Every structure is written in C-alpha cells, then in structure tokens.
Amino acid sequence: MKIMVAIKRVVDYAVKIRVKPDKSGVEMKNVKMSMNPFCEIALEEALRIKESGLASEVVAVSVGPSQFSETLRTGLAMGADRAIHVEAPENIYPLTIAKILKALVDVEKPGLLFLGKQAIDNDQNQTGQMVAGLLKWPQGTFASKVVLDKEKQVATVDREVDGGIETLCLDLPAVITTDLRLNQPRYATLPNIMKAKSKPIKKFTLQDLNVEIKSDLEVVEVTEPPKRKSGVILSSVDELIDKLKNEARVI
Amino acid sequence: MVTKLYKGHRVIIGSLNLIFLRPVIVSISHMNKIISFDKVSGILVCEAGCILENLIAFLDNQGFVMPLDLGAKGSCQIGGNVSTNAGGLRLLRYGSLHGSVLGLEVVLANGTVLDMLGTLRKDNTGYDLKHLFIGSEGSLGIVTKVSILTPPKLSSVNVCFLACKDYTSCLNLLSEAKRKLGEILSAFEFLDHDAMDLVLKHLEGVRNPFPSSMHDFYVLIETTGSNESYDREKLDAFLLHSMENGLISDGVVAQDITQASSCWHIREGIPEALMKAGGVYKYDLSIPVEKMYDLVKEMRIRLDASAKVVAYGHLGDGNLHLNISTPQYDDNILSQIEPFVYEWTSKNKGSISAEHGLGLMKANKIHYTKSPEAVQLMVTIKKLLDPNGILNPYKVLPPSLFT
Ligand SMILES: Cc1cc2nc3c(=O)[nH]c(=O)nc-3n(C[C@H](O)[C@H](O)[C@H](O)COP(=O)(O)OP(=O)(O)OC[C@H]3O[C@@H](n4cnc5c(N)ncnc54)[C@H](O)[C@@H]3O)c2cc1C
Ligand SMILES: Cc1cc2nc3c(=O)[nH]c(=O)nc-3n(C[C@H](O)[C@H](O)[C@H](O)COP(=O)(O)OP(=O)(O)OC[C@H]3O[C@@H](n4cnc5c(N)ncnc54)[C@H](O)[C@@H]3O)c2cc1C
C-alpha cells in the first residue's frame, strides 16, 4: 500500500508574526518558513506505518510556489520516498487544494491520505474534510492514535473530541488528519539528508491536473488581536468587589 | 565608606557582611533608557541599567541584534555585561566586548563623570581608556552609559547537532567549519558524553537527538547568514564532506526553530542539570584547544570514582567549562582539584578565568595567569583611580597587595 502525505510550508511556529502596515496580510519578508507542525506529525505517522511493514511507499505532496520544494526536501530527509510538487501561487484556499489533492490521488492511487488537521497560518481546518468529501472516502480527523489492519483493510483512529476519545473504524482507502499528540516527529539525520538529495521531486502544473483556481473567498483585512491590558494588584477584597461590580460589571 | 555595586535580586557573594563593614550598595536599575539608535551604523547608545533582554527586544524591532547573548539575559544589565566583559554564545562570530563597545560613560571613585561615550568605530586620539573599564568588575568605576556596535539581524539561521567519536575529531571539525562555513559560522559548542548524560538524566523536556546510541562527544554548530538556500547548501556540503572524512559519526540538522531550540536547550541546560545533580565545582578556563581535553582526562584519573567530571564549552573560542559534580561538597575532593587545576592551566599558558572574571573568590589566583609585572601595574592603576579603595574592594586583585 502507498501512503500519500500532504505538506504545507508556513511561517515557522516559533516566529512572532507581524501584520503588514496596510493590513493586507502577514509580513512574509525575511521570515523563517518551516513545515506546518501538523503536517510533520502526519508524515511521521506515515513513516512509522511504513517502517512497521504495513505500507510500501510514502509520497509527500505539496502545492505552492517554487520554495515549497525545499519543504518537500525536508520531508524526503525525514524519510519520505519521493515527492510531488504542484506549482501554484501562494494562498490558495482549502477547496482548491482539496481538488488538487483529489487529482493527485487519482494519479497515485494511495491507500491512505494523511494531512495535518490544520495549517497554523490560516487555521482553516477544512482541507482534509473537503478532500474526503470529493473522494467519497471515509475520514478520521484529529487523530491521536492510528492502528492499521492490513488484512481487514481498515484503519482504527482515536480522535480527541470534547468529551474524551472517540474511536472510529475506517475502511481503506481513507483520509486521516493528524492532531498534536499523535507522535513526536523525528529529526532529519545527516545520512537521510544526504540521501534525500537524490530522491525525486516530480513537478505538476495546475493544467496537468486540470484544476482551475477560483477564489471563492476575499480577505477584507488582517489585524492584530487587541493588546492585553496589564493586570493590577489590588490592596483589599473590598477593592476587588468594587472593581468587579463597577468596572467589570460582572457581579 | 565602601561602595558595592549590586543589582536587582542577584546575590553576588555569600558572606557580604563578613567582608564589608558598612557597605553602600549602588543600584543603577533606574538608568534604563535607550538614548539613541542609528539604523545605518547600528550604533546603540543606552544607559547602563538596561536589561540585556530588553535591548535585544528593542533591537529586534529595528532589525538588529546585540553582539552578545547569554543565559542570564533576562536579569543582567548591559553595564554588568561590560563590567564583566561577558562572552557568551555569539563571541565566535561578533568578538568580545572590547571590540563592539565603542564608548562608555563612567563615574569614578571621586565622583568625576568621565565622558568617553564615543560613537565612532575609529578614534585613535590618545589612550583608549574605555578598555580599562571593560571587564574590571566595577573596581575602577561605575559604568553609567554604553555605546555599542550592533550587527544587523540575519534571517537565515541553521543549527545542527553532531556526534564525534573523539576529541581530535571535534578539533578537526572546528578547523573544517572555519574554512568551509567561513563567514556564516556563528557558534561552535561542544559537550562530552558525561555532560550529555547529565542533561538527559536531570533536565525535563530534553530530547536526545540520537536516541539509539550514546557518543563520546557532541558538537553544536550554528550558522547565521542572509540567504537561506545559499547557507543551507554550504552547510550541507560541509556536513557531507565531514561525514565522508569520518569527522562526524552521526548528526541531525534542525528543520525548524523548535528543533533548533531543542538542540540549544541541551547545551544551555548543562549548568542547570549540574545544579540538580548535587554539589558542583566550576572552572571556566581558556586553554589552547589542542590541549584542552587533556586536563579533563587527567582530572578523571585524579578523582577516579569519587566525582563525575563534566566538560563542555565554547570550543570555537578555546573556552572550557570544567565541572566536577559530586553528590555533596567535600573538602577532600576539593583538595584533589585545587590547586591542581590552576597549576595545570598556568603551565599550559591558559587563563583561569576565561569569561567569568575573578570576583572575590579568585582574586588571589590572578598570579596563575598574569605576570607579577602586569599585576603590579594593575595595582598602580587601581590606586590611581580609587585611592581609598571604595569600589568593589577585595575584588579582582589580591587584597594583600594593598596593605
Ligand atoms: C603608504 C602608506 C599607506 C598607509 N595607509 C594607511 C591606512 O590605510 N590606514 C591606516 O590606519 N594607516 C595607514 N598608514 C599609516 C600606517 O598605519 C603606519 O605608518 C604604520 O602602521 C606604522 O608602522 P611603522 O612600523 O611604519 O611605524 P613607525 O612609523 O616607525 O612609527 C609610528 C609610531 O609608532 C611608534 N612605534 C613604532 N614601533 C613601535 C614599537 N615596536 N613599540 C612602540 N612604539 C612603536 C613610533 O615611535 C611612532 O610613534 C599608511 C602609511 C603609509 C606610509
Ligand atoms: C544563567 C547565566 C548564564 C550565563 N552565561 C554566561 C556566558 O555564557 N558567558 C559569560 O561570559 N557569562 C555568562 N554569565 C555571567 C554573566 O556574564 C554575568 O552574570 C553578567 O554579565 C553580569 O551582569 P549583571 O548585570 O548580572 O552584573 P552583576 O552580577 O550585578 O555584577 C557583576 C559585576 O559587575 C559589577 N557591575 C555591575 N554593574 C556595573 C556597572 N554598571 N558599573 C560597574 N560595575 C558593575 C558588579 O559590581 C560585579 O562586580 C551567565 C550568568 C548566568 C546567571
């Protein structure tokens, strides 16, 4: 069985984001870009499944401008066997990405499609669900545990939901989106980084896949959240009650 | 009257009241304003009480960095950094404060405000007095303003954590790194097996980059440059070459900032791990790099099973942090370590204090590193600038030379 993993390049998780003065978006110049942490977890899970002998190949795919191939290279260095880079402009919204992924699934025919539950840049949490819908495949989102049964061709997925853990059994092929506690992604080791240099990254254009970009969303404005006011230390309980009553008006 | 410089909450010496009869403590923490910043030259002028971390944050917004960074940044003041000539993690790249400090304002013991607050990179008029106050630990004057050259912040940072089979490989890797990474090399740190072991045992949240095997030596290399793909290409070529030459036995390259921080966490967490492990005797030594690890080996033979000898440091700067970790403090062990460690360092033309200064505890040890003539000249300078001995008495120079 082949596993396909979708990977996105985003502003590094540890970078302090700055909004552009014209409010058109986030400042991307001279900013460190890295693999979306949830995609990293998705890839790690796919690699573990392959290492346990339940899959034969892991294919990393990414949709975006040319620098996205650097992120794919990271995926190859972690252990993916090969990669596919669909060249496209930045900031494409989930439905288009889902259509592109569906087109790639039609080409590659994987038994499992892994995605991060969301990308930390736009926080949309839609792509996995949409591509499952387009493919008419079962979906296990927010996975915190994945167990594969090769004989029965099912995946058992634990999902972290409000009330606890929900366990689903999915018939393969299926879409799984990964949550934070699923695993801890590995470091890219030197031998693997070197090996990754000779692994192939195949390029596709949107025309090749017959997908058109239609923008169904318009960004009106991007602003910073309001600054948190600093707290004050009060001298007595009476003062606290007074503030709660007259300033905060909560009692 | 005795003046003792003291800042915030840091306790500098244990037995303050034993030594100082009526100490006067001067705090400059209210002198915390930034006076000017020139975005073209990168020259920052500020008051000496500015906390290092605040300066780092201020510069970050301007697209610059401080030429020094160290674990104490959240509490230490730039005046304290200058007075201790603090080194830290970026010295390899940006040099010591003797290079980046362009000017100082200092208040002398007699109250004279000495204006040397130049903002010029080049100024060959007369004696360059500011250097007397850099690293003199407050014994010659109180630093009140600082002018410092800051480099632009570069966006492309790579960190790799490598394993080496022996100390010679670490050294060869260092010379390779200087040649092959050249201008982008920004840190070259090392730790030995015992240091790694200690960190993994005593620090929470530490991640071993090589979970399946332990190695004898580890090296952390950081590069800082302006072009991500160029830097990465350079780093990869260097790593490939070093792997083929057998200098590296294993290694990981951080793929994002979080992984880079985890690598740094191992190196920066050693002091904390040492504290948690029990008693620790600490030595901060400069030793010609090729001989540096011999001391560690000799110390292990001397102490045998009685203590754990842990070595790490700024290999790129020839600076060894030698730590002897014991379950409890023990005078017998101490007598095995001292004066041996000082004598060994002196014999090998090293310094018994690379970046931590002499303070009170090591003032009497200055002879191990400095010639009698040099010490005598220092005493003359101290007497000239502070004839009544009111500034940090008993620090830096042996008190016996003043009686
Ligand atoms: C063609 C030319 C180009 C130059 N270009 C530059 C330039 O681009 N930038 C720049 O900064 N300078 C420049 N200079 C000046 C140059 O820096 C000095 O001339 C040179 O560094 C002085 O070295 P010297 O051996 O010639 O010393 P001398 O000229 O012999 O002496 C200079 C001073 O130093 C003292 N002195 C010499 N040796 C010692 C010693 N061992 N111990 C104590 N004191 C000593 C002498 O008593 C004298 O006061 C240039 C000079 C020339 C002639
Ligand atoms: C967690 C940690 C990590 C560290 N890592 C490193 C490292 O990697 N490399 C390194 O080199 N050092 C390191 N240090 C030591 C560090 O350099 C010093 O603690 C710091 O630079 C001193 O600044 P401070 O403001 O804390 O000074 P203090 O500790 O308050 O004072 C230090 C000395 O300077 C004098 N002094 C302070 N301010 C002035 C002033 N304005 N004028 C005159 N004299 C003054 C004091 O009297 C005292 O003698 C570390 C310290 C800690 C706590």
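**Entry 1. Conventions**

I take helices (H or I, at least four residues) and strands (E, at least two) as DSSP runs, numbered from the N terminus. The model I consulted is predicted, and in it local features need pLDDT of at least 70, side-chain atom pairs count only at pLDDT 80 or more, and totals for chains, interfaces and linings use all residues. Residues are numbered from 1 along each chain as its sequence is written, chains are lettered from A and ligands numbered from 1 in the order in which they are written, and side-chain values use heavy atoms, with hydrogens and water left out.

I count a residue as near the ligand if one of its heavy atoms lies within 4 Å of it. I take a polar contact as a pair of N or O atoms within 3.5 Å; within protein, one must be able to donate a hydrogen and the other to accept it, and residues adjacent in sequence count only if both atoms are side-chain atoms. Accessible areas come from the Shrake-Rupley method with a 1.4 Å probe, and for residues only the protein chains shown count as cover.

Which of the 26 residues around ligand 2 come nearest? I found Gln77(B), Asn81(B), Gly87(B), Val143(B) and Lys395(B). Asn81(B) places a polar side-chain atom 2.7 Å from an oxygen atom of ligand 2. For Ser83(B), I noted 3.0 Å between an N or O atom of the side chain and a nitrogen atom of the ligand. On its own ligand 2 has 950 Å² of accessible area, of which the protein covers 83%. Helix H3 (78-84) and strand S7 (142-149) of chain B are the elements that give two or more residues to the shell. H3(B) supplies the largest share, five residues.

I also sorted the shell by residue class: eight are nonpolar, 13 polar and five charged. Here Ala, Val, Leu, Ile, Met, Phe, Trp, Tyr, Cys and Pro count as nonpolar, Asp, Glu, Lys and Arg as charged, and the others, Gly among them, as polar.

**Entry 2. The sheet of chain A**

Two strands pair if DSSP finds at least two bridges between them. Axes are lines fitted to C-alpha atoms, for helices over the stretch in contact (heavy atoms within 4.5 Å), and angles run from 0 to 180 degrees between N-to-C directions.

I traced an open sheet of nine strands with mixed pairing, in the order S9-S8-S7-S10-S6-S1-S4-S5-S12 of chain A. Its edge strands, S9 (164-171) and S12 (201-205) of chain A, each pair on one side only. Direction ignored, neighbouring strands are turned by 30° against each other on average.

Eight bridges pair S8(A) (residues 154-161) with S9(A) in the antiparallel sense. Within S9(A), Thr167(A) is the bridge partner of Asp158(A). Helix H2 (68-78) of chain A lies across S4, S5 (82-87) and S12 of that chain, at about 165° to S5(A).

**Entry 3. The sheet of chain B**

This open sheet has five strands in antiparallel pairing, ordered S3-S4-S7-S5-S6. S3 (34-38) and S6 (113-116) of chain B each have a single partner strand, so one side of each lacks a neighbour in the sheet. The twist from one strand to the next averages 10°.

S5(B) (residues 101-107) runs antiparallel to S6(B), joined by four bridges. Val113(B) in S6(B) is the bridge partner of Val107(B). Helix H2 (52-62) of chain B packs on the sheet, touching S3 and S4 (43-47), and its direction makes about 35° with that of S3(B).

**Entry 4. Backbone exceptions**

Most residues other than glycine have a negative phi, and most peptide bonds are trans. I looked up the following exceptions.

- The bond from Leu172(A) to Pro173(A) is cis, with omega near 0°; Pro173(A) lies in the loop between S9 and S10 of chain A.
- The bond from Glu338(B) to Pro339(B) is cis, with omega near 0°; Pro339(B) is in the loop between H13 (331-337) and H14 (340-347) of chain B.
- Asn125(A) has a positive phi, near 55°, and sits in the loop between S6 and H4 (127-135) of chain A.
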